[in-house]
Amino acid sequence: MSHRDCLTFCTILLLTLISIGKRPVNSQDNTWVQVDEGLFVGEFLADKQSIVGNSRITVIKIDPNKYSFRLLCASELNHPNLTVDKWCRKYGLIAATNAGMFQTNYKSNVGYMKNFGHISNPRISRQYYSVAAFNPIDSAKPRFRIYDLDEENMEEIIQSYSTVIQNLRLIKRPGINRWSQQDRKWSEAALGEDRSGNVLFIFSRSPYSMHDFVNILLRLPIDIVCAQHLEGGPEASLNFSHNNMEIRCFGSYESGFNETDENDHFWPIPNVIGIVRRTQ
């Protein structure tokens, strides 16, 4: 598949899905398509043109009451880093995306990360204000929640959830852009939450500054209230395969590193967030 094919792949899949009888949520542009109960895919045209690409943003919306979230780490599972599609095939995931940026050892998350008894990085960063938490220990807690560390206590989050991932914040609840403007731009994989508590896997191959990207997200009809940065450039990845719908999205452009739109494949990554159908 060429990089140009990748740029239009999501659109083709959505049109194919609609043509065989799946029902979009509404009849306007920028619609959600329901793939399964509690699972939606949308492709949205940004209202600001990127310097390259088609300026389209792919979002997978997941109801955490219908789907379980899994953090998979190569360091915990004792095998090499995998591309996101191989993570999905190996562990039976419906969808997966980056779990966060990683350190120079190509394994450990840059922010704090734990998955039950496995600690990928024990250090709590003072610069990273966004924490995704799932697999609650405390049954009173939401099944999935993105917390703001200037509003919540990190130690309490760690004690309340089996899976905790600290990353750079993009959007502070309830919809505040926390990224200052800069010249750097990159393809982006992000993790968000909407007003109803649905989880959003967000991907844009077209590069933006994160300040502009956040403003675009806040203007889209996706009801986003908070989000964190997962990965940028060619390592940004999103894979989805369910009910005859497949999406393969890999990034390319990153200022100062890979200033082209030529990447045509997934890069291996050490940690992913994936989803499976909830059984209880």
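A residue counts as buried here when its relative accessible area is under 20%. By that cut-off, 58% of the 280 residues of the protein chain are buried in this predicted model. The protein chain exposes about 12100 Å², and carbon and sulfur atoms supply 46% of that. As for the fold, DSSP runs give five helices and 18 strands.

**The eight-stranded sheet**

Let's start with the open sheet. Eight strands make it up, in the order β1-β2-β3-β14-β13-β15-β11-β12, and the pairing is antiparallel. β1 (32–36) and β12 (176–177) sit at the edges with a single partner strand each, so one side of each has no neighbour in the sheet. On the β12 side, that partner is β11 (residues 169–172), joined to β12 by two bridges. Within this pair, isoleucine 171 stands opposite asparagine 177.

Which helix lies across β14? That's α5 (residues 210–219), running at about 130° to this strand. Helix α5 also lies across β3, β11, β12, β13 and β15.

**A hairpin**

Next come β6 and β7, which form a hairpin with two residues between them. The two strands run antiparallel and three bridges hold the pairing; lysine 114 stands opposite isoleucine 119 in β7. In the turn, phenylalanine 116 has a positive phi of about 55°.

| β11 and β12 | 169–172 and 176–177 | two | isoleucine 171, asparagine 177 |

Now for the inside. The largest nonpolar core has 34 residues, and Ile60, Ile62, Phe69, Leu191, Phe201 and Phe240 have the most contacts inside it. Strand β4 (residues 67–73) provides the largest share of this core, four residues. A second, separate core has 27 residues, including Leu170, Trp179, Ala190 and Met210.

What does phenylalanine 69 touch, leaving out residues up to four places away in sequence? Its contacts include Ile62 and Phe201, both of which are also listed among the residues with the most contacts inside the largest core.

Methods:
Residues are numbered from 1 along each chain as its sequence is written. This is a predicted model: local features need pLDDT of at least 70, side-chain atom pairs count only at pLDDT 80 or more; totals for chains, interfaces and linings use all residues. Side-chain values use heavy atoms; hydrogens and water are left out. Two strands pair if DSSP finds at least two bridges between them. Contact means heavy atoms within 4.5 Å. Axes are lines fitted to C-alpha atoms, for helices over the stretch in contact, and angles run from 0 to 180 degrees between N-to-C directions. A nonpolar core is a set of buried Ala, Val, Leu, Ile, Met, Phe, Trp, Tyr and Cys residues joined through side-chain atoms within 4.5 Å. Buried means under 20% relative accessible area, exposed over 50%, partly exposed in between (1.4 Å probe, protein chains only). Accessible areas come from the Shrake-Rupley method with a 1.4 Å probe; for residues, only the protein chains shown count as cover.
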